[in-house]
Structures are given as C-alpha cells and as structure tokens.
Amino acid sequence: MPDLAWLDIDNYDIIDISLPVDSKTACFPGDIQFSRNITCTYKDSKVINLSSFTMSPHVGTHADSPIHIYGEMDKGEGMASQLPLQAFIGHAQVIDLADCFEPITSKHIASLVSSLDRTKLAPRLLFKTRHQIRYDVFENNYASFTPDLVEELQKHQVKLVGIDTPSVDHSDSKGLETHHALHKYEMSWLENLDLTHAKAGYYTLIALPLKLTELEASPVRAVLLKKK
Ligand SMILES: [Zn+2]
C-alpha cells in the first residue's frame, strides 16, 4: 500500500495563510488593484450571475515567476505556468520573527540553526514578521530578505521561501537583488502571506500557482496542514 495517510484530510487542521482578494486589497503604489465587473446578474437573466475581474497578479498572496525580473514577456519562457510545482507542496517550517521591520539576514538563520533540535531547516521556510496584517493598507516599512540570506539558505537545500510582506526585496531596492539571488539558486518564493494564525513550527504547505501561461506571477491559495 502506498503511504497516502496524509491525504486523510480529516486528520489535519488547515490553516489558511492567504490574504483576502477584493477591491480593498492593498498593492504596490502604481500597481493595479482588484476590480470586478458584473457582466450578467441572476436578477436580470434568471439564470446566472457572471463577472470578470482585473488585477495585477501581485495582488494578495502570490508567487512570482522568473520573467518578473528578467527577459521578454512575449517569448513564453519563465511564466507562472512553468513554476516548479514541487516547490509549492510539502514539508515547511514557519519561522517567527514578529514584529520585524528590518531586512532578514543570514545572521537570523545562524542563530536559528544553532537553536534547533533538528539541525536541518525544512526545504520550505515561511518567515512571519508581523503579529497583525492590515491587508487593505500598503505599509512601506516592511521586512524583506537580503541576498546573503538566500545564499545561506541554498546551502541548506531550501527550495522555497515565503514572507508576510509585499516583496522579498525592500521597496527602496532598485535592482531587486534578492529576487535575482533566488532566481540564481532556482528557489521559488511567496509574497504577501498571512501568517498571523501560524505558530513557529513544522507543517505541510500547499500553495499552487495557477497555470497562467502569459503572466509573470500567479495568485495562490496558500494553506498549512498540521496534524491534529
Ligand atoms: Zn510579486
């Protein structure tokens, strides 16, 4: 028998670590917020409600793909649909640094590794930097990752990092050095997580990007599974 015990979802608590997506969801200044257009109502048609929406794929909890930071959008390479799905499902660890508003460096990890019973970090690391999230406010002062942190994490075979702020780079960054370091080491990343209900510890992460073949990022519904 294959070991499919983890699929028995009744044995797990599901912690939703995604931001709500609606017309109030904050995004980077200049980026396109969510907006909805109702194309047909049940009231009028007596059949269906139907809508369409517009938004930047960086609104809410999402994964960036390589084309976000490099290359030409029309070549069809590095798109959200091509993100490695393996990175977005599996053993994960929440690291609680809340409340932190400064760049997270390799020094944070050095002290963490020495304090862990298991010397190994999980291959997916989610950094909690806030106790509370106001999803409708863009906060310019937020924690991000330094490239030297990425360099250190790749030595620990980390495949994915996540953060509960709008970007892995600080908003003042011109060259997006951390995005480039993650890309260089073939690591994936999640931005705008909501880890307020996730305590430090080990979980199973599921946060699959949509198969968007023409976009440089994709919304995800990110959840953590914890055995009851
Ligand atoms: Zn993004």
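Author: Here is a walk through the chain, one topic at a time.
Author: The model is predicted, so local features need pLDDT of at least 70, side-chain atom pairs count only at pLDDT 80 or more, and totals for chains, interfaces and linings use all residues. Residues are numbered from 1 along each chain as its sequence is written.

Reader: Fine. How many helices and strands are in the chain?
Author: The chain has four helices and eleven strands. Helices (H or I, at least four residues) and strands (E, at least two) are DSSP runs, numbered from the N terminus.

Reader: How compact is the chain?
Author: As compact as a globular protein of that length, because its radius of gyration is 18 Å, close to the 17 Å that the globule rule gives for 228 residues. That radius is taken over C-alpha atoms, and the rule is 2.2 Å times the number of residues to the power 0.38. The C-alpha atoms fill a box of roughly 65 × 50 × 35 Å along the principal axes.

Reader: What share of the residues is buried?
Author: Buried residues make up 36% of the 228. Buried means 20 or more other C-beta atoms within 10 Å of the residue's own, exposed means 12 or fewer, and partly exposed is in between, with C-beta atoms placed from the backbone.

Reader: Now the sheet. In what order do the strands of the open sheet come?
Author: Nine strands form it, in the order S1-S11-S9-S5-S6-S7-S8-S4-S10, with mixed pairing. Strands S1 (12–16) and S10 (217–219) are the edges, each pairing on one side only. Two strands pair if DSSP finds at least two bridges between them.

Reader: Which way do S5 and S9 run, parallel or antiparallel?
Author: Antiparallel, with six bridges joining S5 (residues 89–96) to S9 (residues 201–206).

Reader: Which way do the S8 side chains point?
Author: Ser188 and Leu190 point one way, Trp189 and Glu191 the other, and all are buried. In a regular strand the side chains alternate between the two faces of the sheet.

Reader: On to the core. How many residues are in the largest nonpolar one?
Author: It has 42 residues, and those with the most contacts inside it are Leu125, Val161, Trp189 and Leu190. A nonpolar core is a set of buried Ala, Val, Leu, Ile, Met, Phe, Trp, Tyr and Cys residues joined through C-beta atoms within 7 Å. The elements giving two or more residues to this core include H3, H4 and S8.

Reader: What does leucine 125 touch?
Author: Leaving out residues up to four places away in sequence, leucine 125 touches Gln93, Ile95, Leu153, Val158 and Val161. Contact means C-beta atoms, placed from the backbone, within 7 Å.

Reader: Which H4 residues are buried?
Author: Thr178, His179, Ala181, Leu182 and His183. What covers them includes S4, H3 and S8.

Reader: Switching topic. Where is glycine 60?
Author: Glycine 60 is in the loop between strand S3 (50–54) and strand S4 (62–64). Glycine 60 counts as buried because 25 other C-beta atoms lie within 10 Å. Its contacts beyond four places in sequence are Ser18, Leu19, Val21, Thr25, Asn192 and Pro219.

Reader: And aspartate 148, where does that lie?
Author: In helix H3 (residues 147–155). Aspartate 148 is partly exposed, with 16 other C-beta atoms within 10 Å. It touches Thr105 and Ser106, not counting residues up to four places away in sequence.

Reader: Last one. Which peptide bond is cis?
Author: The one from alanine 98 to aspartate 99, with omega near -10°. Most residues other than glycine have a negative phi, and most peptide bonds are trans.

Reader: Where does a positive phi turn up in a residue that is not a glycine?
Author: Lysine 46 has one of about 60°, and glutamate 186 has one of about 55°. Lysine 46 is exposed, with 7 other C-beta atoms within 10 Å. Glutamate 186 lies in the loop between H4 and S8 and counts as exposed, with 11 C-beta neighbours inside 10 Å.

Technical notes. Contact = placed C-beta atoms within 7 Å.
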